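Please examine the sequence and the model shown below. The paragraphs that follow take up its strands, its core, its charged pairs and its backbone in turn.

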Amino acid sequence: MNKILTIMLVLLSISGFAQMPSGGAGKMPEWKAYGKIVDEQGKPVEFASVVVLKSVVDKDTKKEKDVLVKAMQTELNGDFSFSGLPMMAKLKLKISSVGYKTLEMPLAVSMPKMEGGAPKPGQQPDPAMMAKMMAAMDKDLGNIKLASESTLLDGVTVNGSKPLLEMDIDKKALTFLKT
């Protein structure tokens with residue numbers, strides 16, 4: 001009887017280790033990306049719009065389209081951070097702010113290559129390799145520079161008009177326009 005209980009406990013603990021770290025069967029691993037938006041002089045761009053888009057194929061048109069995954073505004077120091085990004089997806093980062101050109105760039109995580117191949121069944125994974133893989137899940141994009149966008153106006157015309165009715169403390173004045 002004790003042998004049966006021991007075998008059952010061993011089997012239950014092995015099946016517990018076989019689950020994904022999040023405990024959810026079929027849940028894809030996620031990663032984090034962060035960085036800082038700066039201008040051409042290296043000064044932070046505050047309140048810039050930073051959006052993560054995922055490229056998907058539309059069922060009806062069979063064409064690729066971008067779908068919003070996450071969005072935020074940069075902090076006062078230009079910092080932004082996204083967590084919970086899907087691992088197996090074609091992502092891009094779109095950054096825009098008033099007075100700057102919109103910037104789009106691909107956003108992907110690159111896993112390090114395993115030296116010696118994957119561990120064999122029953123073999124423990126290399127701790128250094130596991131540390132590299134965990135570091136790849138936390139991606140620092142560094143300083144991202146936005147180019148300024150300026151538009152030169154041809155000229156400015158100011159038109160003014162006098163109000164038809166002016167009210168003062170002791171009088172009312174009505175202005176008639178000449179036609």
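Helices (H or I, at least four residues) and strands (E, at least two) are taken here as DSSP runs and are numbered from the N terminus. The structure is a predicted model, in which local features require a pLDDT of at least 70 and side-chain atom pairs count only at pLDDT 80 or more, whereas totals for chains, interfaces and linings use all residues. Residues are numbered from 1 along each chain as its sequence is written, and side-chain values use heavy atoms, with hydrogens and water left out.

Confidence comes before the details. The pLDDT, which is the predictor's confidence in each residue on a scale from 0 to 100, has a mean of 80 for the protein, and 77% of the residues reach 70 or more. It is lowest in helix H1 (residues 2–17), with a mean of 45, and highest in E5, at 95. Over residues 1–24 the pLDDT is below 50, and beyond near neighbours in sequence this stretch has 3 contacts in the model, a contact being heavy atoms within 4.5 Å.

The sheet may be considered next. An open sheet is formed by 4 strands in the order E3-E2-E5-E6, with antiparallel pairing; two strands are said to pair if DSSP finds at least two bridges between them. Strand E3 (64–73) and strand E6 (103–107) are at the edges and have a single partner strand each, so one side of each is left without a neighbour in the sheet. On average, neighbouring strands of this sheet are turned by 25° against each other, direction ignored; the axes behind such angles are lines fitted to C-alpha atoms, for helices over the stretch in contact, and angles run from 0 to 180 degrees between N-to-C directions. Strands of a sheet pair through backbone hydrogen bonds, either parallel or antiparallel. Here, strand E2 (residues 49–57) runs antiparallel to E3 and is joined to E3 by 9 bridges. Within this pairing, Val 51 has Ala 71 in E3 as its bridge partner.

The nonpolar core follows. Such a core is a set of buried Ala, Val, Leu, Ile, Met, Phe, Trp, Tyr and Cys residues joined through side-chain atoms within 4.5 Å; buried means under 20% relative accessible area, exposed over 50%, and partly exposed in between (1.4 Å probe, protein chains only). The largest nonpolar core has 21 residues, of which Trp 31, Ile 37, Phe 80, Leu 85, Leu 93 and Leu 107 touch the most other members. Two or more residues are given to this core by each of strand E1 (30–38), E2, strand E4 (79–86), strand E5 (91–96) and strand E7 (138–145). Leaving aside residues up to four places away in sequence, Leu 85 touches Pro 29, Glu 30, Trp 31, Ala 33, Val 52, Lys 70, Leu 91 and Leu 107.

Leu 91 belongs to strand E5 and counts as buried because its relative accessible area is 6%. Beyond its neighbours within four places in sequence, its contacts include Trp 31, Val 52, Val 69, Leu 85 and Leu 107.

Charged side chains form 4 salt bridges in the whole structure, each being a side-chain nitrogen of Lys or Arg within 4 Å of a carboxyl oxygen of Asp or Glu. Glu 64 and Lys 90 form one of them, at 3.5 Å from N to O. This pair links Glu 64 in strand E3 with Lys 90 in the loop between E4 and E5, 26 residues apart, and both residues are exposed. Glu 104 meets Lys 92 at 3.0 Å, N to O, and also forms a salt bridge with Lys 94, where the closest N and O atoms are 3.9 Å apart. Since Glu 104 lies in strand E6 and Lys 94 in strand E5, the latter pair ties together parts that are 10 residues apart in sequence. Glu 104 is partly exposed, at 42% relative accessibility, as is Lys 94, at 32%. A network of salt bridges links Asp 66, Lys 92, Lys 94 and Glu 104.

Two backbone positions remain. Most residues other than glycine have a negative phi. Phe 47, in the loop between E1 and E2, has a positive phi of about 60° although it is not a glycine. Lys 62, in the loop between E2 and E3, likewise has a positive phi of about 60°. Phe 47 counts as partly exposed because its relative accessibility is 47%, whereas Lys 62, at 62%, counts as exposed.
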